[in-house]
Amino acid sequence: MPGMTTTTALITGANKGIGFETARLLATRDMTVLVGARDQQRGQQAEQALRDAGADAHYVALDVTDERTIEKSAAWIDNEYGKLDILVNNAGIARGDGTGRPSETALRTLREVFEINVFGIVAVTNAMLPLLRRAPAARIVNVSSEVGSITSMTNPDSPMWAMASVPYPASKTALNMVTAMYAKELRDTPVKVNAANPGYCATDLNGNSGFRTPEQGAEISVHLATLDEDGPTGVLWGHFWGVDGSNSIGVLPW
Ligand code: NAP
């Protein structure tokens, strides 16, 4: 089958931010990167920027809330490559109402965030799973966040303690469970499924207020996307703030 020897990685929300950097870094590892983006112009611009940097990059029209684009993407990848080696579920949004407090949360906002950050990931993963199972050792990376960790968010000594909001943190908590359950289902297969915490990175998601770069955030996804067979499955891994404000990289508590 044509392309069967190519290592392929699909990154959702790859037109900017951490997703773009993830595509760029995976391409430097001789992979073909499939640039998932919901907007054609933004997707094609990202594809061109990656190609200009020497990457084998292909824009894939993919809105994680639109099942038709998900199905078309899976059919195209099947036709071109016959399998998928890496899926990075990176697309995500953060929204809040009023001052952001739980008591001010509108259900509309909650639904909007869950639609992309949780339901979209299940939809994309289920559509891509037959292709991932055909790869020798597929990796699924769900881009989560430390704010999805109930342990961190309820620890008064944690830097996370200052934040009290529902839509984004609860969506990432749900995503953590989604990750753990896929890892459980796939535990007797070569497929590994992990959640990534990029850390607080300067992107449009947070008005570029993060203290880490998008590239540093992407390195977390790349690590989980390229785990060897001894690597973990079903963990939340990445950057975390210690209770003393220190920064480190490792396995985070759920
Ligand atoms: P970003 O720069 O805002 O990028 C988000 C990406 O997701 C964009 O490409 C966006 O596309 C895409 N997207 C949004 N809705 C989509 C949809 N329905 N279908 C397909 N793509 C969609 O934010 P980022 O910081 O790089 O975020 C990437 C991931 O990292 C997210 O899951 C976020 O929750 C997570 N994260 C970020 C931080 C941080 O500090 N930045 C920390 C922890 C976790 P458009 O350009 O079309 O909107």
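This is a predicted model: local features need pLDDT of at least 70, side-chain atom pairs count only at pLDDT 80 or more; totals for chains, interfaces and linings use all residues.

1. Helices here are DSSP runs of H or I with at least four residues, strands are E runs of at least two, and both are numbered from the N terminus.

2. Several α7 residues are buried, among them Gly217, Ile220, Val222 and Leu224. Buried means under 20% relative accessible area, exposed over 50%, and partly exposed in between (1.4 Å probe, protein chains only). The cover over the buried α7 residues includes α1 (17-27), β4 (86-89) and β7 (236-241), with contact meaning heavy atoms within 4.5 Å.

3. How many aromatic pairs are there? The count is five, where rings of Phe, Tyr and Trp (its six-membered ring) pair if their centres lie within 6.5 Å; planes under 30 degrees apart are stacked, over 60 edge-to-face, and the rest tilted. Trp76 and Tyr81 are edge-to-face, because their centres are 5.9 Å apart and their planes at 80°. Trp76 is partly exposed at 31%, whereas Tyr81 is buried at 7%.

4. Tyr200 and Phe211 also form an edge-to-face pair, with centres 5.9 Å apart and planes at 90°. Both lie in the loop between β6 and α7, so the pair ties together parts eleven residues apart in sequence. Ring pairs link Tyr200, Phe211 and Trp241 into a cluster.

5. On conventions, residues are numbered from 1 along each chain as its sequence is written, and side-chain values use heavy atoms, leaving out hydrogens and water. Local features need pLDDT of at least 70 and side-chain atom pairs count only at pLDDT 80 or more, while totals for chains, interfaces and linings use all residues.
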